[in-house]
Amino acid sequence: MKDAITVKPSPFAARPGWIARLSSGLASLRELQVSTVVGVGFVAIVCFGTLFAPLLTAADPLGLSKETLLAPGGAHPFGTDDLGRDVLARVLYGGRVSLSVGLFSAVLSLGLGMTIGMVAGFFGGALDEVLMRITEAFQILPKLLVAVVVVSLIGSGLANEILVIGLLSWPATARVIRGRVQVVRHEEFIAAAEMSGASWVRVLARHVTPNVLSFLLVSASLQVASAIMAESFLSFLGLGDPTHPSWGLLLQQGQLFLQQAWWLTTFPGIALAMTILGLNLMGDGLSGGRAGTRAARR
Amino acid sequence: MLPVIVKLLLRRALLAVPLVLAVVTLTFFFIRLAPGDPAAIMAGDAPTPEFLAQIRSEYGFDRPVWAQFLTFLGKAVTGDFGISLYTKQPVFSVILERFPATVLMTGTAMVVASLIGILVGVASAKRAGSRLDALISAASLVGYSVPGFWVGQLLILLFAVSLNWLPVGGMEAARASYRGWRHVEDVAWHMVLPVATLSVFLLTMIARFTRAAMIDALDQDYVLVAEAKGASRTRILWHHAFRNACVTTITVIGLEFGAVLAGAVVVEIVFSWPGLGRLFYDAIYRRDFPLLTGAFMFSSFVVIVVNMASDVACTLLDPRIRR
């Protein structure tokens with residue numbers, strides 16, 4: 001029976017450590033939905049493929065050859081592109097670029113979003129008001145178009161892409177974390193910590209942070225998904241790094257040969273869609289399939 | 001006493017002012033942030049010294065930064081986005097020339113997405129927890145996980161290249177110059193695939209949020225009262241529950257409009273649709289920065305106006321929001 005879980009623990013009972021609390025937050029993993037398993041599976045396949053790319057294909061993703069625009073089959077399971085490069089190798093190695101841009105910009109946006117959300121939720125008042133107005137303004141602005149303008153002006157390149165996507169994607173996390181902190185803020189253990197003389201830094205770090213970590217986890221998988229999507233958008237517009245072709249860049253090249261070579265768009269697109277869908281399924285599963293998890297991504 | 005709607009519009013317009021300022025300030029900041037001489041950025045690659053000097057004095061790049069900013073701001077809010085480096089025409093007129101095509105495609109996609117999205121959302125809320133509901137939820141998750149431009153490419157591969165049912169791209173048949181009704185038919189035919197592509201994302205968003213709002217609304221006391229009064233099932237669903245849920249739907253449309261416009265940019269590129277998106281693409285490729293920043297500011301203003309309109313619509317529909 002599960003009803004014992006809903007009993008609110010006494011404020012005098014020893015608080016479990018943060019590992020215990022995080023793991024109890026993850027206890028729902030045992031009641032995994034099929035969709036979550038599918039999501040984890042998709043992400044696992046993509047991670048495996050990109051990490052072990054050299055074992056899966058001997059081809060060089062940048063190696064030119066005379067066998068241009070070959071249909072899939074034989075030595076080239078995914079075919080070759082207009083310069084005779086192996087598409088399978090390009091998809092596998094391209095995943096490294098897409099995934100790392102996604103990961104690093106998500107780390108940046110999560111850090112920013114968590115800091116802003118915690119400060120706004122914890123201190124409330126005028127500070128909260130100002131931070132939330134800024135957050136709303138950021139949400140109304142067409143994020144991807146801002147990214148296009150900035151990357152065009154400051155120059156393309158992986159570092160710039162990561163920086164721009166990261167700096168534009170924090171509002172989603174900030175709002176979720178703020179909402180959670182507002183709830184935690186009024187718990188007795190926070191009052192207890194404050195009364196015992198803990199500084200606000202300590203209260204935030206030791207007592208608030210552990211309680212928002214599971215929400216950060218949900219945010220993380222959705223953020224990585226949206227960052228990968230943003231990267232593909234920029235690359236598709238020709239703002240990616242041509243020396244490190246990502247899936248978006250492959251799709252841009254595929255666009256040029258859409259009527260001659262279906263494999264140039266189909267395979268990178270499947271990889272991209274599988275990754276984003278997998279991460280979204282994971283995020284939805286971790287959040288308990290609550291409706292409106294999309295709010296966590298905005 | 002001013003009528004409610006005028007007061008509402010005024011208040012929203014006042015709230016939009018800081019956003020417009022923020023957009024212009026950000027754009028100015030980005031131009032200053034770019035490595036190199038801002039005058040050189042505005043003047044393009046390899047300008048003549050005279051043109052460079054003209055830009056420098058026009059934008060006052062030799063004056064202090066705050067004076068530069070005020071000049072830039074004054075120009076931007078009056079629609080003077082500078083001269084396109086490539087076409088040598090005023091950026092604003094270039095944008096206005098392309099804007100109708102984008103409005104046509106995006107507007108149609110939004111109508112299609114709203115109609116289908118609401119129907120799907122209401123249908124799945126009515127049978128919440130059923131197999132149909134689960135199927136719709138799964139489909140909508142797939143819908144917003146696949147990048148729009150890839151969906152477009154797949155649709156081209158299937159319907160234009162393999163089946164040869166619909167045109168690959170463009171807005172009208174290149175060789176024929178139809179007039180009157182035939183022209184409308186031709187454009188409509190070219191619009192099927194881009195509109196379908198662009199609708200996917202918004203449709204899934206609307207379906208998801210309408211479903212959640214409908215489930216919430218159907219649980220309210222006013223639905224119980226309506227049932228007790230003996231109102232029909234259809235009347236309860238649409239007149240009582242949806243009247244309340246549609247506020248959420250409209251909010252979602254407003255909030256997602258920025259994403260829809262960005263989606264339109266790539267969809268236009270995939271289908272060579274002659275709108276703002278192509279303009280962005282060309283501006284990026286030709287390093288036409290006045291055109292790029294102008295198109296960006298213009299799109300942002302449109303996004304702000306749409307957000308404002310959705311806010312006003314929500315307030316008019318739901319008197320509880322009025323303060």
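What covers the buried residues of H6(B)? Part of that cover comes from the other chain: it includes helix H12 (263-286) of chain A, together with helix H5 (91-126) and H8 of chain B. Bear in mind that this is a predicted model.

**Chain B overall**
- Chain B is helices and no strands: there are 12 of the former and zero of the latter.
- Read from the N terminus, the elements go α-α-α-α-α-α-α-α-α-α-α-α.
- The C-alpha trace of chain B spans about 80 × 60 × 40 Å along its principal axes.
- Of the 323 residues in chain B, 42% are buried.

**Where chain B meets chain A**
- Chain B puts 44 residues into the contact, and chain A puts in 40 residues.
- On the chain B side, at least two residues each come from helix H1 (4-33), helix H6 (131-145), helix H7 (148-162), helix H8 (180-218), helix H10 (233-270), helix H11 (276-285) and helix H12 (289-317).
- H12(B) supplies the largest share of that side, with nine residues.
- By residue type, the side of chain B that touches chain A splits into 36 nonpolar, seven polar and one charged.

**A look at H6(B)**
- H6(B) has 15 residues, and the distance from its first C-alpha to its last is 21 Å, close to the 21 Å expected at 1.5 Å a residue.
- Its buried residues are B:Ile136, B:Ser137, B:Ser140, B:Leu141, B:Gly143, B:Tyr144 and B:Ser145.
- As for the cover over those residues, chain A's helix H12 (263-286) is one of the contributors, with H5 and H8 of chain B also among them.
- H6 is also one of the chain B helices that supply at least two residues to the side touching chain A.

**A:Tyr93 in chain A**
- You'll find A:Tyr93 in helix H4 (residues 87-123) of chain A.
- Buried or exposed? A:Tyr93 counts as buried because it has 22 C-beta neighbours inside 10 Å, and the cut-off for buried is 20 or more.
- Leaving out neighbours within four places in sequence, A:Tyr93 is in contact with A:Ala53 and A:Pro61.
- A:Gly49 sits 44 residues from A:Tyr93 along the chain, yet their C-alpha atoms are separated by 8.7 Å.

Terms used: Residues are numbered from 1 along each chain as its sequence is written. Chains are lettered from A and ligands numbered from 1 in the order in which they are written. This is a predicted model: local features need pLDDT of at least 70, side-chain atom pairs count only at pLDDT 80 or more; totals for chains, interfaces and linings use all residues. Two residues are in contact if their C-beta atoms, placed from the backbone, lie within 7 Å. Helices (H or I, at least four residues) and strands (E, at least two) are DSSP runs, numbered from the N terminus. Ala, Val, Leu, Ile, Met, Phe, Trp, Tyr, Cys and Pro count as nonpolar, Asp, Glu, Lys and Arg as charged, and the others, Gly among them, as polar. A residue is buried if 20 or more other C-beta atoms lie within 10 Å of its own, exposed if 12 or fewer, and partly exposed in between; C-beta atoms are placed from the backbone. The expected span of a helix is 1.5 Å times one less than its number of residues.
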